[in-house]
Amino acid sequence: MKGFLTLCSIFLAFLNVCFPAAADEKEIADTLERVIISAEKSPIAYTGLKRLDRKELIAGTAVLGTPDVIKVLQNISGVASGMELMSGLYVHGGDGSDNLFLLDGVPLFQVSHLAGLFSSFNTDIIQSADFYKSGFPARYGGKLSSVVDITTTDGSMEKFGGSVSIGLIDGRINLNGPIVKNKLSYNVAIRRSWLDAIIAPILAFNNSGSDTKTKGGYALFDSDVNLAYAPTKSDKINFRFFAGTDHFSYSKITQEKYYGKEIYDAESGVKTNMKWGNIAASSSWNHIFSQRLALSAMLYYSKGYSDISDWQKSNDFSDDVLTSGTFTETSVSSANAAGIKSALVMSFKHHNLSAGIEYRSSWYNPSHTKVKTKGEDIMTDSGSGKYLSHEVSAFAEDEMTYGPFSLTAGLRLDGYFADGAAYFRPQPRLAASYNITDDIIAKASYEAMSQYSHLLSSIYIDLPTNIWMPSTSIVKPSDSHQAAAGIYARISKNWHVDASGYYRSIRNCLIYSGSGSLFPPIDKWEEEFISGKGRSYGAELEVKYLSGKFLGSAAYTLSWSERKFDELHSSWFRDRFDNRHKLTLTASYRITENIDINATWNFHSGNRVTVPEHIVNLPGTGTKFLFSEPYNAKMPDYHRLDLSCNFHKKTKRGNESIWNISIYNTYCRMNPILMRTTINLENKPVATIYSLVPIIPSFSYTLKF
Amino acid sequence: MRKIPAILSSLLLIAALSCERETDLPLKPDGGRLYLECFPSNNHDTTYIKLTAAVPITEYEGPKELSNIMMNFRVNGDSFAPKLYSEDNYVYTYIADVPLKPGDIVSVDASAEGYPQITASSSVPDEADMEMSREIYNYGTLRHKFTVRRNDGSGQKHYYGVAIRGVCRMEKTYADSDRQPETEVSYLRYDYKMESPVKSKDEDILGYKTIKQCHVNGTDMVIFEDDGGKTQNLEIVVDIPYQQDKYWVVVEDYKIFRRTLYNVEMFRIPKEAYEYLNPRINESLLAAGLIPPFISNGNISGGYGIASCMGCTSSGWIGNPI
């Protein structure tokens with residue numbers, strides 16, 4: 001039985017699914033999970049793994065009533081959150097585009113909405129999220145800094161259930177249940193914002209009585225579908241679909257009248273539509289051959305896309321003739337990946353072996369623009385070339401356990417082919433742990449990671465104009481090496497301490513320098529990347545207090561993150577999110593069976609900005625600011641307190657209802673988002689700080705059935 | 001495209017909701033630095049060197065005087081002492097009269113009391129591999145065409161500058177043949193039109209352009225970049241307005257003939273100079289940390305500024321069509 005459980009545990013970690021765990025069979029699932037976790041190597045024995053279940057993911061403060069996975073991950077030590085409110089993850093000195101986001105094993109290109117304000121992951125359907133910042137298992141590859149591996153829940157095989165949630169700006173529905181009892185189930189989760197519905201009456205009021213009608217709005221839409229089929233006790237087949245979409249529209253139309261021999265009615269104006277997001281689909285098969293052998297196979301497709309269109313109409317009335325001209329421009333770009341992967345897991349007394357292969361084909365359509373005049377006459381139909389890449393990976397890993405000593409040794413081999421270029425990257429992965437006593441574990445890890453796709457982003461905001469592009473013969477893959485070591489100690493029943501340190505180096509660290517436009521110049525994008533080096537090191541300390549009613553934790557990070565780009569500066573300079581100190585305090589207290597409160601206090605050293613250090617006056621040129629070093633100044637420190645309170649209640653029908661009240665930035669600290677140096681009226685240089693986010697109270701209501 | 005205003009409107013809306021406050025400058029610069037600017041080139045015997053003080057931003061009250069200035073100008077290791085040419089609002093302009101040729105190594109160093117010494121070195125680039133032709137485009141406009149060849153296949157961008165200088169000569173001759181002719185010379189500034197030879201899809205809403213007009217060595221110059229050799233024969237067109245040479249004044253005692261001469265120069269510019277003259281700094285985005293910190297430091301060690309040679313091809317002085 002133990003061997004079977006161990007196999008299940010590896011399988012669970014590997015495939016994220018072992019049994020068709022029922023969404024509402026919480027007790028059974030919890031029990032199973034406890035059993036499994038007790039059998040497998042515990043997450044605390046890894047240097048950089050955080051395993052977050054759904055409870056932990058929704059426990060934090062919900063900004064505008066929407067719980068957010070990435071904002072929970074931002075609280076973890078070693079992670080810089082970047083700009084306030086954005087869904088940035090800058091892990092161990094890495095960049096925001098260096099993270100591998102997997103939704104049920106499918107890589108995603110676009111994981112956030114509204115320029116990064118919300119993540120695309122709907123917490124209603126999430127079962128757990130594994131977050132790796134070091135000690136990456138060999139099965140993960142393709143990105144440099146971190147892995148966010150999110151698993152969704154299968155629908156119940158037994159009975160119908162679900163939930164409905166209403167927040168300030170969005171609503172969510174989750175429905176799950178059997179289609180064929182104990183054989184086939186579904187789990188569907190949908191989220192939609194209603195900012196457009198809020199804005200519509202305001203615009204209608206403004207438009208009343210005017211010949212010019214302005215319309216517009218923004219909506220985000222997420223849908224997750226998970227069909228699970230269990231033909232036998234040893235087999236499980238899943239079909240999953242995900243779509244995360246943003247839609248922005250704006251129009252300003254004027255009704256015009258022209259008086260000639262007769263009266264002519266016409267309209268003129270502009271319309272803009274922007275739609276962007278990610279869709280993903282997969283089908284997977286998991287089969288357990290015996291207590292010692294299991295197999296998984298998966299086919300997947302993922303597409304990040306952006307679709308932008310403009311329409312403009314103008315009229316000309318002369319010589320009693322009305323002539324209308326229309327102009328339409330559409331610009332489409334996408335990044336696509338389709339792949340197949342399979343893995344085999346074997347369990348022996350001291351060894352848990354896993355091995356697998358993956359083939360992934362990615363094709364990129366960076367830009368395709370059509371311009372039309374009135375009618376169907378195509379004026380121009382231009383687009384950049386398509387880029388195709390192939391990635392073949394094989395890995396093998398052995399988790400060896402001999403008494404208190406455990407070693408996970410793995411090797412991942414990547415072969416990458418694109419544009420006449422071929423790159424081969426052997427990536428060793430090692431993770432060791434030693435149980436010094438029953439309560440103290442020493443651990444260490446080393447890994448090499450490589451990244452073959454790069455984000456073209458003119459400004460560091462998650463915009464629909466951002467484009468993913470592959471490594472080519474000119475733009476080489478980025479490589480990272482990281483070593484980490486730490487110690488975990490359970491000091492008492494309630495107190496747990498986890499301390500670790502890391503050193504990381506990045507080779508061929510890339511900066512996209514095409515900052516001349518919001519739209520990256522896709523015709524010469526390879527020339528716009530500049531290459532450099534990166535290094536990051538630091539120490540992390542986490543202290544947890546766990547008791548029945550009270551859960552508290554403190555996570556502190558002391559870190560350095562530096563870059564060296566010869567084109568920017570002659571020597572190493574600090575990176576923009578080189579936050580020297582970071583401290584996150586969280587507390588959760590269950591006041592009664594029905595009421596719990598949560599508090600999170602975040603502090604980090606200010607983000608770095610580039611400000612002028614000297615001034616010179618030149619005839620004909622005037623005052624000129626002079627900069628000595630990139631990111632030479634630190635903005636004021638960042639801190640904020642978030643509070644939330646949940647009221648649980650049983651309805652008359654026996655369902656659970658939850659009111660959540662959240663306050664983001666409770667004491668309204670106006671944290672700086674940018675700092676600019678200017679000359680004031682007295683001809684003195686001054687620094688001006690701009691802040692954006694005040695206190696944000698919000699609420700949400702959830703009904704579970 | 002029309003979507004840009006939509007995006008910018010959204011960003012402006014966010015900006016409008018933000019609040020701002022003044023704060024102390026979070027810097028403690030350790031004293032002032034020297035700022036030097038010079039662009040030596042072949043085909044120009046005189047190099048102008050500007051030197052002034054860069055004042056720490058936290059102590060800024062205006063330009064500062066420099067004292068005990070020492071300057072050295074070396075070509076291939078041979079020293080020449082530049083002479084002080086002018087001083088304007090504590091900007092000291094020196095001149096060095098040394099002919100240069102491609103491949104020469106030029107070094108400049110300077111010091112002043114209370115400031116760290118600065119040094120810089122640069123070599124004179126080869127002239128652009130090019131042909132030059134001209135034609136009357138329209139009445140009153142001369143069209144100069146440059147065909148710059150790129151066959152090196154390096155993929156690296158090259159940078160260029162075009163400068164046009166003109167002189168107007170008022171040549172006075174007397175009816176009395178015993179009197180010597182007189183000539184009055186004045187310098188002309190041309191308002192010439194030029195477009196980037198590389199068609200770029202960049203929309204320069206963030207302020208950066210691949211072509212820029214700037215002031216170099218006392219002359220207006222348009223600087224631009226190529227596409228790294230993808231276009232092997234780069235066609236550059238410059239339209240120069242002209243007025244026909246003609247008698248300006250004809251009276252009984254004397255006649256004045258107005259003659260215009262102009263000189264077109266094409267420069268090969270090192271990357272460091274191009275990036276210095278056409279920096280990619282959008283201060284708002286830089287302040288927000290939203291773009292890479294391209295801060296265009298130049299090549300002056302110990303201070304600020306640029307001392308970068310340029311390779312010049314000159315048309316020589318050309319007369320206007322008659």
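Strands are DSSP runs of at least two residues, numbered from the N terminus. The legends below describe close-up views of a predicted model.

**Figure 1. Tyr701(A) in strand S41 of chain A.** Strand S41 covers residues 696-704 of chain A, and Tyr701(A) has its place there. A residue is buried if 20 or more other C-beta atoms lie within 10 Å of its own, exposed if 12 or fewer, and partly exposed in between. Tyr701(A) has 15 C-beta neighbours inside 10 Å and therefore counts as partly exposed. Leaving out residues up to four places away in sequence, Tyr701(A) touches Ser165(A), Ile166(A) and Trp659(A). Asn226(A) lies 475 residues from Tyr701(A) along the chain, and the C-alpha atoms of the two are separated by 24 Å. As background to this view, chain A contains 5 helices and 41 strands, and 46% of its 705 residues count as buried. Of the contacts in chain A with a separation of 6 or more, 65% are between residues 24 or more positions apart.

**Figure 2. An open sheet of 5 strands in chain A.** The strand order is S1-S8-S9-S4-S5, and the pairing is mixed. Strand S1 (49-53) and strand S5 (106-107) of chain A each have a single partner strand and stand at the edges, so one side of each is left without a neighbour in the sheet. S1(A) runs antiparallel to strand S8 (residues 126-132) of chain A, and 5 bridges join the two. Within this pair, Arg51(A) stands opposite Asp130(A) in S8(A).

**Figure 3. Helix H5 of chain A and the glycine that follows.** Helix H5 is formed by the 13 residues 195-207 of chain A. H5(A) is hardly covered, as the count of buried residues among its 13 residues is 0. Just after H5(A) comes Gly209(A), with a positive phi of about 80 degrees.

**Figure 4. The largest nonpolar core, with Leu34(B) and Leu36(B).** In soluble globular proteins, nonpolar side chains tend to be buried together. The largest such core here has 152 residues, among which Leu34(B) and Leu36(B) touch the most other members. Strand S3 (residues 46-56) of chain B gives the most to this core, with 6 residues. Both domain 1 (3-125 + 271-310) and domain 2 (130-269 + 312-319) of chain B give residues to the core, so it lies between them. Apart from neighbours within four places in sequence, Leu36(B) has contacts that include Ile49(B), Leu51(B), Val108(B), Ile118(B) and Ile300(B). A second, separate core of 5 residues includes Ile461(A) together with Leu286(B), Leu290(B) and Ile291(B). As background, chain B contains 3 helices and 21 strands, and buried residues make up 35% of its 322 residues. Among contacts in chain B between residues at least 6 apart in sequence, 68% join residues at least 24 apart.

Figure 5. Most residues other than glycine have a negative phi.

**Figure 6. Strand S11 of chain B and its two partner strands, S10(B) and S17(B).** In a regular strand the side chains alternate between the two faces of the sheet. Strand S11 (residues 141-149) of chain B has a covered face made up of Leu142(B), His144(B), Phe146(B) and Val148(B). The uncovered face holds Thr141(B), Arg143(B), Lys145(B), Thr147(B) and Arg149(B). Strand S10 (residues 130-138) of chain B pairs with S11(B) in the antiparallel sense over 8 bridges, and Glu131(B) has Thr147(B) in S11(B) as its bridge partner. S10(B) and S11(B) form a hairpin with 2 residues between them. Gly140(B), in the turn, has a positive phi of about 90 degrees. Strand S17 (residues 233-241) of chain B also pairs with S11(B) in the antiparallel sense, over 9 bridges. There, Asn233(B) in S17(B) is the bridge partner of Arg149(B).

Methods. Residues are numbered from 1 along each chain as its sequence is written. Chains are lettered from A and ligands numbered from 1 in the order in which they are written. This is a predicted model: local features need pLDDT of at least 70, side-chain atom pairs count only at pLDDT 80 or more; totals for chains, interfaces and linings use all residues. Helices (H or I, at least four residues) and strands (E, at least two) are DSSP runs, numbered from the N terminus. Two residues are in contact if their C-beta atoms, placed from the backbone, lie within 7 Å. Two strands pair if DSSP finds at least two bridges between them. A nonpolar core is a set of buried Ala, Val, Leu, Ile, Met, Phe, Trp, Tyr and Cys residues joined through C-beta atoms within 7 Å. Domain bounds come from an automatic or database domain assignment. The expected span of a helix is 1.5 Å times one less than its number of residues.
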